[in-house]
Amino acid sequence: MNSLVAMWRRPVSAAGLTATSVILALATPYAADNARRIIEEVQRRTDTMSQQYEGLLQVVDAKGRVADKRWTFERLGSHGRSRSVLRFTSPAEVKGVALLIVDHADRASDQWMWTPAVERDRRIALQDRSTRFFGTDFSFEDLEERDVDQFDYTLIGEDAIDGAPCWKVGATPREAKSSQYTRSVLWIRKDNYAIARTENYVKTAITRRLDYSNLQNVQGIWTARQIDVVDLTRGSRTRLTLDKLQYNATLEDDDFTVQALRRQ
Amino acid sequence: MRSAPTVVCLGLLLLLGYAGSARGQTVLHRGFVEGSVVLFPQQAPNDPTRGITDLLVRDEVFVAPTAWLRFAAGADLRANSHDQVADEWDLDFSDRGNRRSRLAVRRLTATVRRGPVTIDVGKQLVRWGKTDLVSPTDRFAPRDFLNVVDSEFLAITAVRGSVQLGNHTLEAVWTPRFTPSRTPFLEQRWAVLPPEAAGASIVETPPSLPAGSQSGVRWGHIADRLEYSLSFYDGFNHLPDMAVDVRAGAPASAQIEIERIFPANRTFGLDFAMPARWLAVKGEAVYVTSSSPSTDEYVLYVVQVERQRGEWLFVGGYVGEAVTRRHEVLTFAPDRGMSHAAVGRTSFNIDANRTLSFEGAVRETGDGAYVKAEYSHARGQHWRTTFAGVGIMGKSADFFGQYHRNSHVRVTARYSF
């Protein structure tokens, strides 16, 4: 879910970051270099050991009908090497459904879903990620935590979201990412490097827009407590509100395995 | 164990009651009330009933008083218009009766976790394998086949230990008490009797359930682009062979005694999942051996491919079998009955609340087939209604075809809480 809460980041040492920057400055165009540096700073500022929250999802379909869903989310580790578990707590018929996401720095994540009705885990295939996640407007891919190395970047320009000046950065997935999106455009606030908006494109058509709002400084990390995603092909939208958000809590590695998924 | 020990009942009731009172602990409480109506357009020779109503109330609670200890408890309450539920109100723990229990323990488990080691003790569901339509390696998963094409898994009493080290998982299961699959009643339509038996008196003698324990181990590995497991099971087949004893007499007065026998099995299994960019390939194979001289030995396998495209899911595959030692024995084996057939399932999420799905199997010889269409609609936060139609066709000698009079429609309403 970190991609949803502005965690586009990568843990690199200061020396590594400097060396990478020097190489990139020599080898890539100025705009692309600047764009990548911005994204690297986004990741650096949101680097945490762990994250957990309770999410309230409000799905509004094209006819205006609202359905609420709730989940708990826990993530261990950072960006390209993180593991996350998401468990539905409401509505009643999906209570206990869980998703394990294992992120990789160099390729698309691995995902498994636990369905209590059949007491089995199921590997989510790569091509499944464009599917809507349990009737929400998030796709399985949207639940992945993006890593700076999975995309190539271009600084498109500058813009303002709700009066806040932003950099506008284009991100094109690399081959190994295996993304449903042809490209994404990110608005990144200049004052705190928080992502304010993301637009995802399939070919030239925009398919999903995510707006990040109610920005709060939680344990030193600027975090959007509210994320609105609009599926522009369906006309439906989902609002995710983050409650009981906490960073750097002590979580156990053994709780982020396929075996652990069945511990309800 | 028909009547559960007092301690089991008390434990179950305490845990179920705990859900409403626990504070500051991890508690998950869920359940549903489900009513269904099944209508059969055709009458079966041994069963004139064409409409069956069924009620199931399920309540489950999961409590984690500490990070290393969890309890799970669940109970089922059932009613049925076609005598498929026992009359007694005793709380049944073992679920080994011919009929479904009126009141039964669905699960009662304590789970202890220490680092990478997890141990589950009690009544639980143990599922192995990766394929969806048929799962030959799923050896600890007996089922309720009172309706053969709409079966439900039964929990078993077991100790299950697992260790996860990195991408490797080792799991061991030991079950002291055998739980058979529930087979169709001879006087009901899902037991298809040969025409030669018409007029004869057919008696089913009580089955002699194996007294020994069963055990199994499974090692799994998750690699970058491949996930696979090897498994070994030593126990009994939860699907029975049928011993038939025909007592002499005129055809109209002949007596036929049938006894279900659950042969000893030793199986070696492999299952895998290989997600790729365009398709996910999944498969399972099991080699079933037996120390019983009168039962078959065989390899049963399934290979399926999956493709998700937007809100569409396509699953298609083939179930095959190679018999390595054959005996002329009458069996009730829905898993083998699916062999030599192409199987498939397609589902489409119309929107967040509505799903349409189709499922089917066709024998490679064309001798039998079944198809199922289902429309499911959720309303609000609690209600779901499902309409299903099942068509079965084929020759009487075929596993599918023998049920050609059992095409039916089902309407189910569920309230989840």
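**Figure 1. Overall fold of chain B in the predicted model.** Chain B contains two helices and 25 strands, in a model that is predicted. Its C-alpha atoms occupy a box of roughly 70 × 50 × 50 Å along the principal axes. The radius of gyration of chain B is 22 Å, which agrees with the value near 22 Å that a compact globule of 417 residues would have. Of the 417 residues in chain B, 36% are buried. Of the contacts in chain B between residues at least 6 apart in sequence, 57% link residues at least 24 apart.

**Figure 2. The two domains of chain B.** Domain 1 of chain B covers residues 6-334, and domain 2 of chain B covers residues 340-417. A distance of 20 Å separates the C-alpha centres of domain 1 and domain 2 of chain B. Where these domains touch, domain 1 of chain B contributes 31 residues and domain 2 of chain B contributes 27 residues.

**Figure 3. Close-up of the domain 1 side of the contact with domain 2 in chain B.** On the side of domain 1 of chain B that touches domain 2 of chain B, β1 and β19 of chain B are the elements that give two or more residues. The largest share of this side, ten residues, belongs to β19(B). By class, the domain 1 side of this contact has 20 nonpolar, seven polar and four charged residues.

**Figure 4. Close-up of strand β21 of chain B and its two partners.** Strand β19 (residues 312-325) of chain B runs antiparallel to strand β21 (residues 341-349) of chain B, and eight bridges join them. Here W312(B) has F348(B), in β21(B), as its bridge partner. β21(B) also pairs with strand β22 (residues 354-363) of chain B, in the antiparallel sense and over nine bridges. Within that pairing, T346(B) is bridged to F358(B) of β22(B). β21(B) and β22(B) make a hairpin, with four residues between them.

**Figure 5. Close-up of the contact between chain B and chain A.** Chain B brings 34 residues to this contact, and chain A brings 26 residues. On the side of chain B that touches chain A, at least two residues each come from β1 (26-39), β9 (156-165), β16 (264-275) and β18 (297-309) of chain B. β18(B) gives the largest share of that side, three residues. Sorted by class, the side of chain B that touches chain A consists of twelve nonpolar, twelve polar and ten charged residues.

Figure 6. The largest nonpolar core holds 58 residues, and L100(A), V169(A), I188(A), A194(A) and I195(A) have the most contacts inside it. Strand β12 (residues 221-231) of chain A provides the largest share of this core, six residues. Neighbours within four places in sequence aside, the residues in contact with I188(A) are I38(A), V42(A), C166(A), W167(A), V169(A), Y193(A), I195(A) and A196(A). In soluble globular proteins, nonpolar side chains tend to be buried together.

Notes:
Residues are numbered from 1 along each chain as its sequence is written. Chains are lettered from A and ligands numbered from 1 in the order in which they are written. This is a predicted model: local features need pLDDT of at least 70, side-chain atom pairs count only at pLDDT 80 or more; totals for chains, interfaces and linings use all residues. The radius of gyration is taken over C-alpha atoms; the globule rule is 2.2 Å times the number of residues to the power 0.38. A residue is buried if 20 or more other C-beta atoms lie within 10 Å of its own, exposed if 12 or fewer, and partly exposed in between; C-beta atoms are placed from the backbone. Two residues are in contact if their C-beta atoms, placed from the backbone, lie within 7 Å. Ala, Val, Leu, Ile, Met, Phe, Trp, Tyr, Cys and Pro count as nonpolar, Asp, Glu, Lys and Arg as charged, and the others, Gly among them, as polar. Two strands pair if DSSP finds at least two bridges between them. A nonpolar core is a set of buried Ala, Val, Leu, Ile, Met, Phe, Trp, Tyr and Cys residues joined through C-beta atoms within 7 Å. Domain bounds come from an automatic or database domain assignment.
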